[in-house]
Amino acid sequence: TASKVITIIAAQAMLEPAEVSLESNPEDLGLDSLALVEIVFSIEEEFDISVPYNANDPSESDFDLSNFAAVVSAVNQLIAEKA
């Protein structure tokens, strides 16, 4: 899961996956709100899950995008809930 999420994030940041770590956050990579929405859509498509993300008010979302370790954890939880 982590490597797929990192690959998605790297593609949006126009970086190589090796340049993205789980400790990174969107600001570290210069990702804006539009890029975050694209990342959420890509994650939903890749893992066939529905991400509870409110692009209009990210602080009210149940999906933590503060760092990428949190993103991987949330994706794993959504996959488990779906199963």
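Among contacts in the protein between residues at least 6 apart in sequence, what percentage join residues at least 24 apart? With contact taken as heavy atoms within 4.5 Å, the share is 54%. The structure is a predicted model, in which local features need pLDDT of at least 70 and side-chain atom pairs count only at pLDDT 80 or more, while totals for chains, interfaces and linings use all residues. Residues are numbered from 1 along each chain as its sequence is written, and side-chain values use heavy atoms, hydrogens and water being left out.

The protein contains three helices and zero strands, assigned as DSSP runs numbered from the N terminus (helices, H or I, at least four residues; strands, E, at least two). The C-alpha trace spans about 30 × 25 × 20 Å along its principal axes.

Of the 83 residues, 39% are buried, that is, under 20% relative accessible area with a 1.4 Å probe and protein chains only. The largest nonpolar core comprises 27 residues, among which Ile-43 and Phe-63 have the most contacts inside it; such a core is a set of buried Ala, Val, Leu, Ile, Met, Phe, Trp, Tyr and Cys residues joined through side-chain atoms within 4.5 Å. At least two residues of this core are supplied by each of helix H1 (2-13), helix H2 (33-47) and helix H3 (68-82), and the largest share, seven residues, comes from H2. When neighbours within four places in sequence are left aside, Ile-43 is in contact with Val-5, Ile-8, Asp-48, Ile-49, Val-51, Val-71 and Val-75.

Technical notes. Buried means under 20% relative accessible area, exposed over 50%, partly exposed in between (1.4 Å probe, protein chains only).
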